[in-house]
Amino acid sequence: MTLRVLGTLRWEPEGAPPRPLPVVLPAAILLVLARHVQWVSRTQLASLFWPGMPDESALLNLRVNLHKARQLLADLGAQPPLEAERRRVRWLVQTDLDPADRAAGPLATGFDLPEFEPFQAWLHEWRQACSGPALSAAPAAEDEAPAAPASGPGFYGRRVELAQLRAGDAPVSVVLGEAGLGKSRLVAEAVGASPWLRCRAGLRAMPFAAVAELFERHPEWLHGLGAYRLDVARLLPDIAPDEPLPPLDAVTARVRLFEGLARTIEQHAPLLAVDDLQWADTTTLEWLVLLAHRGRTRWIATARDGAELAAPVEAALASLQAAGVARLVELQGLDRAALNALLHERRPDLAAGQAFPRPHPWLAVLAVYTGGNAFCAIEVMDALQTGDTPRQLARMPLPQRVTAMLLQRRQRLAPPARAVLDAAAIALDRPSLAQLAAVAGLARPAAVVALESAQQQGLMHDTACRHDLVRDALREAMPATRAAELHRRSATHLADEGAAPETIAHHWRAAGDDEAAWPYVLCAAQRMRQRGEREAAAAALSELRGAAQDETLALRAEVMLAQEHLFDDLPAGRRALESTLVRAACLPEGRGRQIIEAHALSGLVDNAVFSGELARAAALAPRLRALLPGLAADVLIEAHQVLIEAAMREGDTAAAIASLDGLRRAHAPRPVVLSFEAQIHWFSGAVREARQVFEHLLEQHPDYCQGLTIENDLAVMCHALGDLERAEEMARRSLRSWAGVAHTQALSSLVLGATLVSRGRLHEAQPVLEQALELGRQQGSDLFIGEALVRMARLHWHAGDLAAARRSVAEARAHAGSAAEPLRASALALMQVLCEDEAAAAALVQLRALCARSGHPLLHARRWRAEAAHALRTDDRRAALAAAQQMSAVAALGSLAEWHCEALWLIADRDRGAVAVDARAQAQQIALRHGLGNLIRDAGGEAQRLGA
């Protein structure tokens with residue numbers, strides 16, 4: 001969805017005709033917000049439309065029209081919505097001018113509101129700016145920072161603020177903001193050639209110093225002072241160097257001096273710029289207040305907000321606002337469009353061929369790094385070297401002038417505020433108030449006061465450094481011993497709070513204590529594995545194994561590295577785990593040995609399950625359970641996961657549920673618990689419930705798709721339920737998510753191949769299943785090899801190639817061993833019966849025995865399909881029909897669409913009359929609805945093939 005501002009102002013939803021915006025005030029407000037992109041002060045926005053009204057009335061009008069703007073957006077079906085806070089509002093909408101204001105045609109044609117003159121002027125300037133080669137834009141005038149570069153850029157952005165300043169609706173306008181934002185440059189653009197009164201740091205104790213300097217720069221103003229010549233000479237003696245001054249009392253002399261200076265400035269300067277109002281001495285401030293109330297000379301000032309705004313200045317501004325003669329303009333950082341134009345103008349050599357108005361390669365990182373602070377952005381831009389890339393920014397030293405500016409502001413803080421600022425600087429993320437207090441060594445109330453002071457100085461926002469460059473400047477300047485101590489305090493506090501192990505490990509290592517960090521590195525590696533970040537986890541574990549002095553920790557890392565072979569080489573993984581288990585037996589009895597043995601056994605159970613050796617898994621599981629009491633949560637979580645895998649394949653639902661409860665008690669991540677909950681549903685036969693959990697898991701935790709086989713498992717559920725389109729989508733997504741991981745590639749190839757067979761796309765299915773077979777052989781997994789061969793047999797059987805199906809079944813039997821997993825064993829047994837394998841009779845007996853162990857609907861559907869095939873082979877049509885009816889009932893109850901359809905075809909072929917006609921109609925309907933390609937056949941031909 002896009003707001004089109006080129007040509008007629010219109011809203012363009014996707015796939016629908018554009019809708020023009022009416023020429024009304026709410027649409028004008030939306031246009032201003034769309035242009036500005038960033039947060040806009042409510043006061044600023046109101047002043048653009050109602051400059052002559054008191055603030056309260058203007059804000060009330062704005063509130064009413066914002067409501068109307070929301071209604072207009074709702075009528076248009078436009079997204080995103082307006083975002084409003086107590087003091088500001090924004091609309092993050094996409095326009096056809098993004099990322100920079102450069103138009104290829106007329107802007108908002110026909111959209112004019114002449115009754116709102118400031119808005120009309122703002123719109124006119126925008127139209128003019130857009131018709132030029134680039135944005136007029138915000139300078140890098142750095143306010144009170146070190147002197148500006150010798151050659152400055154143009155004026156970028158700030159269109160709303162510039163229109164406000166030029167509107168001239170109040171005798172006084174004050175631009176507030178942090179150092180370096182470009183306040184002085186904005187005022188310079190607004191006042192043109194008007195004179196400047198410059199207040200200076202350190203001169204607050206010198207009355208009228210700035211005023212005297214102003215008049216000394218303009219000696220022509222001093223001609224024609226008339227009756228006030230000797231009064232002004234009290235401030236500027238050179239006017240009458242040899243004349244005695246009249247004997248006046250102090251009050252009278254002061255009044256006449258103020259009056260004389262005011263009359264002079266009013267005669268020569270209708271508009272005055274005032275720089276750095278926060279440093280104005282009291283006398284200068286009083287004179288400026290006098291000018292404001294006289295109303296003949298309008299003045300526009302810059303001032304730093306927060307702590308640097310001295311109390312007298314703050315009080316004076318409050319009184320002027322209360323009198324309705326002053327308006328405050330709160331300046332934010334340059335928006336991305338302005339910063340983009342600035343980058344293209346200043347560093348075209350780093351644009352990588354991207355011409356303006358296309359986004360400059362450095363735009364995204366500089367916008368975040370500097371927060372749009374013009375001075376800092378320019379300094380960083382100028383420090384870049386040709387060939388530098390945005391990824392290198394974090395490793396580049398800060399420009400000296402930026403560092404100096406930020407450290408000077410830090411020095412102005414009291415020691416507690418500096419301590420809080422330093423604590424924020426070494427934090428990884430946004431720290432809590434409790435963390436700041438603990439690291440700074442302050443009580444909570446004192447930390448609150450210190451934090452507010454740092455915020456007022458513009459160095460912090462909430463509890464974090466205001467910009468990344470503030471953080472980097474403080475880190476670079478911090479002595480190593482102080483930094484180490486602060487990191488140590490951070491690690492201790494975060495460990496007590498149960499923070500993320502990655503964060504705790506970082507602080508211990510930054511404090512120079514690697515041994516204290518290694519346990520948290522181990523925990524972090526486990527979390528990485530859960531999220532699918534296997535390479536990062538392996539790198540962390542390899543470093544730990546080689547560097548940790550604690551033998552127990554090193555062995556735990558070795559076990560976890562061996563477990564990684566689950567994904568590529570099962571025999572190698574088994575050898576490594578068994579070796580570690582032997583070495584663990586040489587350790588002294590105690591908790592360390594117990595942990596390593598539990599880790600190794602967990603890996604061996606998992607290895608046995610996916611090797612297809614359930615008997616070995618069943619033998620190892622009791623040894624693992626015996627070690628569980630007293631283990632730490634991370635070890636328990638790993639152990640319970642593999643115990644669930646083993647128990648489910650044995651059909652032991654009670655044991656699986658017990659381990660699921662163990663996961664919850666160990667506070668396993670919610671996605672992990674949900675994944676195993678869904679798998680228990682699946683293995684116990686609750687297929688619909690399993691799918692619901694997996695769909696929820698995919699929606700709520702997509703970031704876990706590379707650590708948990710969510711997409712693959714959901715594909716299995718969808719295939720069983722006959723949602724073949726969704727099954728294929730999820731299987732292919734899983735193959736992309738797990739690219740290069742043989743284990744999951746094999747699993748997903750198996751389900752994709754089976755789905756393609758069900759859809760009748762046999763030629764596509766064959767290479768997919770051949771890939772699964774090859775991946776199984778690469779890993780040394782009888783489980784994957786056998787599963788692939790059974791699915792290949794099903795493919796050949798559907799294709800009518802009974803000989804090839806029998807060969808696949810025979811090879812699958814060779815890899816089955818003594819597998820008793822109900823679902824796996826039943827799939828092979830059914831294909832043995834359908835292919836009239838030499839062990840078909842024994843396979844049918846096995847199917848009956850498996851059904852006595854499990855109520856899974858898929859298992860029972862296979863059993864009745866085999867019973868029907870056996871009855872047809874012995875020409876017992878009645879028994880075949882009864883089996884088909886049982887199969888239909890089981891499949892319908894379990895929502896197994898493909899099995900239900902196949903059962904109905906069998907009934908249609910074996911029954912007579914209306915029953916056969918109805919079964920044929922239902923089968924055809926199900927086959928068409930679910931896309932069951934092999935079952936969309938004429939009734940006679942399909943039934944005959946299925947009965948063969």
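Guide: One term before we start: a residue is buried under 20% relative accessible area, exposed over 50%, and partly exposed in between, using a 1.4 Å probe and protein chains only. This is a predicted model, where local features need pLDDT of at least 70 and side-chain atom pairs count only at pLDDT 80 or more, while totals for chains, interfaces and linings use all residues. Residues are numbered from 1 along each chain as its sequence is written, and side-chain values use heavy atoms, with hydrogens and water left out.

Visitor: Is Asn 607 buried or exposed?
Guide: Asn 607 belongs to helix H26, residues 591–611; helices here are DSSP runs of H or I with at least four residues, strands are E runs of at least two, and both are numbered from the N terminus. Its relative accessibility is 4%, so Asn 607 counts as buried.

Visitor: Which residue's backbone oxygen does the side chain of Asn 607 reach?
Guide: Leaving aside residues up to four places away in sequence, Asn 607 touches Leu 566, Leu 570, Gly 573, Arg 574 and Arg 616, where contact means heavy atoms within 4.5 Å. At 2.9 Å, the side chain of Asn 607 reaches the backbone oxygen of Leu 570.

Visitor: Let's move on to helices. Which way do H13 and H19 lie relative to each other?
Guide: The axes of H13 (residues 363–370) and H19 (residues 468–477) come within 5 Å and cross at roughly 70°. Axes are lines fitted to C-alpha atoms, for helices over the stretch in contact, with angles from 0 to 180 degrees between N-to-C directions. Under 35 degrees counts as roughly parallel, over 145 as roughly antiparallel, 65 to 115 as roughly perpendicular and the rest as oblique. H13 and H19 are therefore roughly perpendicular.

Visitor: Which residues of H19 make the contact with H13?
Guide: On the H13 side, the contact uses Val 368, Tyr 369 and Thr 370. Those of H19 are Asp 468, Leu 469 and Asp 472.

Visitor: Which helices are among those covering the buried residues of H13?
Guide: The buried residues of H13 are Leu 363, Leu 366, Ala 367, Tyr 369 and Thr 370. What covers them includes H12 (336–346), H14 (374–383) and H19.

Visitor: And how many residues of H12 are buried?
Guide: Among the buried residues of H12 are Ala 337, Leu 342, His 344 and Arg 346. Their cover includes H13 and H14. H12 is mostly covered, with the buried count out of its eleven residues being nine.

Visitor: Time for strands. Which residues point one way from E7, and which the other way?
Guide: In a regular strand the side chains alternate between the two faces of the sheet. E7 spans residues 172–177, and six of its six residues are buried. Val 172, Val 174 and Leu 176 point one way, and pointing the other way are Ser 173, Val 175 and Gly 177.

Visitor: Now some loops. Which residue does a cis peptide bond join to Gln 79?
Guide: The spot is in the loop between H3 (55–76) and E5. Omega is about 0° there, and the residue joined to Gln 79 is Pro 80.

Visitor: What is the relative accessible area of Phe 208?
Guide: Phe 208 lies in the loop between E8 (196–198) and H7 (209–217). Its phi is positive, near 60°, although it isn't a glycine. Phe 208 is buried, with a relative accessible area of 3%.

Visitor: And what is the relative accessibility of Glu 836?
Guide: Glu 836 sits in the loop between H38 (822–834) and H39 (840–853). Not a glycine either, Glu 836 has a positive phi of about 55°. Glu 836 counts as partly exposed, at a relative accessibility of 38%.

Methods
Polar contact = N/O pair within 3.5 Å; in protein donor to acceptor, adjacent residues only side chain to side chain.
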